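Please consult the sequence and the structure shown here alongside the text.

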Amino acid sequence: MKRTASSGTAGSKRAKGAPTEASAAAEELEEETAIYAKYFFKKCAVDLLGRGLRHDGRQLAQARDLAVRTGVLPTAYGSAMVTQGASRVICGVQGVFAPPLSDAPGAGRIEVRCSIAVTADHTVSDNPGFHQQQGNSIAFFVSSMVKASNMVDLTKLCVRPGSCAWVLRAELYVLNHDGSLRDCCLAAVTAALLSTRLPVVDVADAEPVEVKGKQRLTLGITSYPLCTTMGWFKDRLLVDLTASEEKLGSSITVVHDSAGKLINVYKSGGPPVPDNAVKAALEAGKAECKKKKAVVESTIHKKKAGGLF
């Protein structure tokens, strides 16, 4: 009887150990798959493209879900957080008074800055200088698109011509980078400016400019820019690139305003793109802009105070 009990106990231990061995094997397989995907991603991508698929299971023309939240920074005049796939960006807008620029004495201005967390992209986590360079590039792109779209009437930001105007500072912070950062950052600044509420100011000549009460007014924005980044690889167009896909070939960022008007086409890296690819990117970009507009506007809390000034 004792031997039987001992045998039963050993069998019980082996039964309990079986799932552990299976889990270890599964973990090992997962690690090997991750290593293969990292170092042989291009080969994986080519194999999947032949079947019309991508490494994350999407169709070639399928974008990742876009999520927009506003009012995430209570101390800012306006703020938004944008998530697209694993990419996540937060933007806060603050306003300060400053003398207008000499070439625009009757207008305010919008300044954009972008910081990328060192932990946002594991492939360059040991090179903070790269993040700064990339952040500056994105800030320049977003600032240029905001200006080109005439999103904000800058003359309405002037408090006293030649002496005082609003300077709106849009601060972008990239929490996680998994591709299409331009898309996320432009959407974040757009949503943050749409949610911005500025105080009414005293336009008297006396210094300093006084802020009256707690009333807040919007910027009166009627049109705004949105963009979509796409890739051209193996004669196929990929919509909304991940960070890994951006390394495969050429990428094109198409910018439209909320009315569907083309603002700009931006190409970064890779070989030249044929005309048929550009045409396909323009069509896909316009369709994606319409979808993103619906997401942005559904999240903006519209107050009845009307426009600024």
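Residues 24 or more positions apart account for 68% of the contacts in the chain with a separation of 6 or more, a contact being heavy atoms within 4.5 Å. The model is predicted, so that local features need pLDDT of at least 70 and side-chain atom pairs count only at pLDDT 80 or more, while totals for chains, interfaces and linings use all residues. Residues are numbered from 1 along each chain as its sequence is written, and side-chain values use heavy atoms, with hydrogens and water left out.

**Overall composition and confidence**

The chain contains 5 helices and 12 strands; helices (H or I, at least four residues) and strands (E, at least two) are DSSP runs, numbered from the N terminus. Of its 309 residues, 43% count as buried. Here buried means under 20% relative accessible area, exposed over 50%, and partly exposed in between (1.4 Å probe, protein chains only). The chain exposes about 16700 Å², of which carbon and sulfur atoms supply 55%; accessible areas come from the Shrake-Rupley method with a 1.4 Å probe, and for residues only the protein chains shown count as cover.

The average pLDDT of the chain is 84, and 81% of the residues score at least 70, where pLDDT is the predictor's confidence in each residue, from 0 to 100. Where pLDDT is low, the predicted coordinates should not be read in detail.

**Strand pairing around E6 and E9**

Two strands pair if DSSP finds at least two bridges between them. The table lists pairings made by strand E6 (residues 164-176) and by strand E9 (residues 225-233).

| Strands | Sense | Bridges |
|---|---|---|
| E3 (residues 87-98) and E6 | antiparallel | 11 bridges |
| E4 (residues 109-116) and E6 | parallel | 8 bridges |
| E5 (residues 158-160) and E6 | antiparallel | 2 bridges |
| E9 and E11 (residues 250-257) | antiparallel | 8 bridges |
| E9 and E10 (residues 236-239) | antiparallel | 4 bridges |

Val174 in E6 is the bridge partner of Val89, and Val174 also stands opposite Ile116. Elsewhere in E6, Ala165 stands opposite Cys158. The hairpin of E5 and E6 has 3 residues between the strands, and Gly162 there takes a positive phi near 85 degrees.

Strand E9 is mostly covered, with 9 of its 9 residues buried. In a regular strand the side chains alternate between the two faces of the sheet. In E9, Pro225, Cys227, Thr229, Gly231 and Phe233 point one way, and Leu226, Thr228, Met230 and Trp232 point the other way; all are buried. In the hairpin of E9 and E10, with 2 residues between the strands, Lys234 takes a positive phi near 55 degrees.

**Helix H5**

What span should the 25 residues of helix H5 (residues 275-299) have at 1.5 Å a residue? The expected span, 1.5 Å times one less than the number of residues, is 36 Å, and the end C-alpha atoms of H5 are 36 Å apart, which agrees. Among the buried residues of H5 are Ala277, Ala281, Ala284, Gly285, Glu288, Cys289, Lys292 and Val296. An α-helix has 3.6 residues a turn, so residues three or four places apart point the same way. The buried residues of H5 pack against strand E1 (66-70), strand E2 (78-84), helix H4 (181-194), E9, E10 and E11.

**Aromatic cluster**

Rings of Phe, Tyr and Trp (its six-membered ring) pair if their centres lie within 6.5 Å; planes under 30 degrees apart count as stacked, over 60 as edge-to-face and the rest as tilted. By this rule there are 3 aromatic pairs. Tyr77 and Trp166 form an edge-to-face pair, 5.9 Å centre to centre with 85 degrees between the planes. Tyr77 lies in the loop between E1 and E2 and Trp166 in strand E6, so this pair ties together parts that are 89 residues apart in sequence. The rings of Phe97 and Trp166 have centres 4.3 Å apart and planes at 45 degrees, so that pair is tilted. Phe97 in strand E3 and Trp166 in strand E6 are 69 residues apart, and their pair links distant parts of the chain.

Trp166 is buried, with a relative accessible area of 1%. Tyr77 counts as partly exposed at 22% relative accessibility, as does Phe97 at 31%. Ring pairs link Tyr77, Phe97 and Trp166 into a cluster.
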